[in-house]
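Trainee: Before we discuss the terms used for this model, may I see the sequence and the structure?

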Amino acid sequence: GSLVLSSLIIFLAMLLLTIPALECHQIEQLIYVNSLSVNHLRGGTSNVSKRKGYPNNPTENRLFIAHLPRTLDEDLLMKTFSKFGIIEEARIMRDIETGQSRGMAYVSFKESHSVDDAIDELHRSVICAPPKNGFKEICTKMSVGHARPLKEQTW
């Protein structure tokens with residue numbers, strides 16, 4: 001109850017302080033992926049893919065990956081996820097002005113079972129980006145979950 005709520009509040013505060021340029025749907029993705037981790041900590045299923053994303057999810061073949069090393073490139077992203085199936089698209093989210101990675105990505109597979117296999121094996125696993133542009137090797141524990149469908153904007 002209150003422990004989960006306080007963890008979520010702390011997570012949101014850190015998120016807002018460290019990454020002010022995120023779009024709303026990206027923040028929702030991070031909250032969703034973090035909720036999978038909280039569910040696991042609360043004694044929920046250890047197989048996070050059983051959650052099967054969101055109801056009526058048209059993006060069942062798409063993953064959202066958070067907490068990636070900022071120096072990770074598309075080649076390593078493709079190499080990491082291609083062992084689970086044919087990748088139709090892999091995109092690292094980048095800052096519009098600087099081109100720097102935001103530490104998040106989307107990967108779309110041809111078949112939905114590839115998404116479940118990738119989540120089962122890679123959620124909360126460590127990924128390392130090799131030294132690049134003066135940076136040392138950077139390793140992070142990534143969060144991997146089902147991508148949520150984008151909401152239509154209403155102005």
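Mentor: S2 and S3 form a hairpin with six residues between them, and Gly 99 in the turn has a positive phi of about 80 degrees. This is a predicted model, in which local features need pLDDT of at least 70, side-chain atom pairs count only at pLDDT 80 or more, and totals for chains, interfaces and linings use all residues. Residues are numbered from 1 along each chain as its sequence is written, and side-chain values use heavy atoms, with hydrogens and water left out.

Trainee: Why is the pair of Phe 64 and Tyr 106 called tilted?

Mentor: The structure holds one aromatic pair. In this pair, Phe 64 and Tyr 106 are 5.2 Å apart centre to centre, with 55 degrees between the planes. Rings of Phe, Tyr and Trp (its six-membered ring) pair if their centres lie within 6.5 Å; planes under 30 degrees apart count as stacked, over 60 as edge-to-face and the rest as tilted. The distance of 5.2 Å therefore qualifies, and 55 degrees gives the tilted class. The two residues, in strands S1 and S3, are 42 residues apart.

Trainee: Why is Asp 116 counted as buried?

Mentor: Buried means under 20% relative accessible area, exposed over 50%, and partly exposed in between (1.4 Å probe, protein chains only). Asp 116 has 16% relative accessibility, so it counts as buried. Asp 116 is placed in helix H4 (residues 112–122).

Trainee: What makes Val 144 buried?

Mentor: Val 144 has a relative accessible area of 0%, and therefore counts as buried. Val 144 lies in strand S6 (residues 143–146). The C-alpha atoms of Val 144 and Asp 120 are separated by 8.8 Å, and these residues are 24 residues apart along the chain.

Trainee: How many residues of S3 are buried?

Mentor: In strand S3 (residues 101–109), nine of its nine residues are buried.

Terms used
Helix = DSSP H or I, 4+ residues; strand = E, 2+ residues; numbered from the N terminus. Pairing = 2+ DSSP bridges.
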